[in-house]
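Hi everyone, thanks for coming. Let's take a short walk through one structure together.

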Amino acid sequence: MPETDPSLQVWLDHWRILDQPRPHFGFKALQAVVNQQGWNRLPARVVMVAGTNGKGSCVAALHALCRAAQLNVMSFTSPHFLSITERFKFNEALIHPQVLFQAIQVAESLQT
């Protein structure tokens with residue numbers, strides 16, 4: 001793997017601290033963030049899988065079915081085992097750390 005950008009590594013290390021369960025962050029708080037960011041109108045079909053058990057298997061099955069139908073699929077799953085990039089998958093490929101870092105930088109710049 002190519003050498004990691006130092007600022008990317010700092011961000012990945014910081015993410016490990018931030019990526020903890022938030023017991024008081026409920027649906028209303030999530031809905032407020034979605035509305036504030038303008039994400040309430042997505043330009044593609046979205047399937048959200050929620051619940052206690054079986055989400056990973058369900059997402060994997062949906063991913064495989066959509067790919068068999070020759071659809072492009074982006075999936076986000078949580079948690080990850082070794083690297084946050086495991087959470088993001090486009091078709092059969094994992095996101096490259098530098099691409100994820102750049103996307104986060106763009107998203108953060110839109111918030112200001």
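**A helix, a sheet and a salt bridge**

Let's start with helix α3: its 14 residues reach 20 Å from the first C-alpha to the last, close to the 20 Å expected at 1.5 Å a residue. That expected span is 1.5 Å times one less than the number of residues. Helices (H or I, at least four residues) and strands (E, at least two) are DSSP runs, numbered from the N terminus. After α3 comes Q70, with a positive phi near 60 degrees.

A quick word on the source: this is a predicted model, where local features need pLDDT of at least 70 and side-chain atom pairs count only at pLDDT 80 or more, while totals for chains, interfaces and linings use all residues. Residues are numbered from 1 along each chain as its sequence is written, and side-chain values use heavy atoms, with hydrogens and water left out.

Now the sheet. Three strands form an open sheet in the order β1-β2-β3, with antiparallel pairing. β1 (74-76) and β3 are at the edges with a single partner strand each, so one side of each has no neighbour in the sheet. Strands pair if DSSP finds at least two bridges between them, and β2 and β3 pair over two bridges. Opposite A93 in β3 stands F90.

How many salt bridges does a search of the whole structure find? It finds one. (A salt bridge is a side-chain nitrogen of Lys or Arg within 4 Å of a carboxyl oxygen of Asp or Glu.) The partners are E92 and R67, with their closest N and O atoms 3.2 Å apart. This pair links distant parts of the chain, 25 residues apart: E92 is in the loop between β2 and β3, and R67 is in α3.
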